[in-house]
Amino acid sequence: MSIEKAVMAVIRAARPSFRNVHDKVVFAVHAAFLSSGFVLTATGPDALADNVLSSPSTDEVGIDNWNQFEDHYAFVYVNPEKESAKVLLKCLVMNGSLLVDALAAGSSEPVHLEIDVENYVGENGSGNYSAQYKNLEKLVSDLDKEVISKLYGSSSKPSNPSSLETGEGSRHDTNDAGVRINEPRGPQPHPSGVYIPPVNPICGGDLYPGPGAGMYPTRTK
């Protein structure tokens, strides 16, 4: 089943009552979250409590009072796939647009999407829910791309290269900031003009003794 059909299936199963075109689009947004695996834990006035994201309750609730307010809506979800991390979804009516903001617990900034309501509401106001929407596939796609998929960001950090790249006459390394460092090989002149030999990289032993101190390497003019 496509995501669009899954969203419509959620709407039909819930059989919500719509007061206006904003209700229709908001409920489609809510249905998109449910279709993506989220579980509703609060809506309406309960979703606007100060401690709504820190509350330990993860009990699933119904949609009572979801459209109690005239120009704004609120929902709280948990995501079982993210260790039940909570998400607060707010929708604000602004002229002919619906401003959607979603904030995941622990995040500092919400993700945002502005929806032009008339682009997604059908002219048929009958009890057939599919006839009350248009371009539902695009709406669901935009919600997934701009809101749902961005809620938790990237959980993995790019790893710093730990291997060394060697080349003729220099050694390449990378520091913690990801900046490449070139270190010359061989004896380097001291500011005083005296050459200081590097430490011999070949370990000596009884069988193959290494060169004596100060004898590696030999500088040629």
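The structure is a predicted model, in which local features need pLDDT of at least 70 and side-chain atom pairs count only at pLDDT 80 or more, while totals for chains, interfaces and linings use all residues. Residues are numbered from 1 along each chain as its sequence is written, and side-chain values use heavy atoms, with hydrogens and water left out.

The chain holds three helices and 10 strands, where helices (H or I, at least four residues) and strands (E, at least two) are DSSP runs numbered from the N terminus. Read from the N terminus, the order of elements is α-α-β-β-β-β-β-α-β-β-β-β-β. Of the 221 residues, 31% count as buried; here buried means under 20% relative accessible area, exposed over 50%, and partly exposed in between, with a 1.4 Å probe and protein chains only.

Helix α2 covers residues 21-35. Its 15 residues reach 21 Å from the first C-alpha to the last, close to the 21 Å expected at 1.5 Å a residue; the expected span is 1.5 Å times one less than the number of residues. Helix α2 is mostly covered, with 12 of its 15 residues buried, among them Val-25, Val-26, Phe-27 and Phe-33. At the start of α2, a side-chain oxygen of Asn-20 comes to within 3.1 Å of the backbone nitrogen of His-22. Just after the helix, Gly-37 adopts a positive phi of about 100°.

How do the two helices meet? The axes of α1 (residues 3-14) and α2 come within 8 Å and cross at roughly 110°; axes are lines fitted to C-alpha atoms, for helices over the stretch in contact, with angles from 0 to 180 degrees between N-to-C directions. The two helices are therefore roughly perpendicular to each other, a term that applies to angles of 65 to 115 degrees.

Turning to the strands, β4 (residues 97-104) and β5 pair in the antiparallel sense over six bridges, pairing being assigned if DSSP finds at least two bridges between two strands. Leu-98 stands opposite Ile-115 in β5. Six residues lie between the strands of this hairpin, in which Gly-106 takes a positive phi near 90°. Strand β5 (residues 111-116) has a covered face made of Val-111, Leu-113 and Ile-115, and an uncovered one of His-112, Glu-114 and Asp-116.

Met-94 belongs to strand β3 (residues 85-94). With 41% relative accessibility, Met-94 counts as partly exposed. The C-alpha atom of Met-94 is 8.0 Å from that of Asp-71, a residue 23 positions away along the chain.

Note on methods:
A polar contact is a pair of N or O atoms within 3.5 Å; within protein, one must be able to donate a hydrogen and the other to accept it, and residues adjacent in sequence count only if both atoms are side-chain atoms. Angles under 35 degrees count as roughly parallel, over 145 as roughly antiparallel, 65 to 115 as roughly perpendicular and the rest as oblique.
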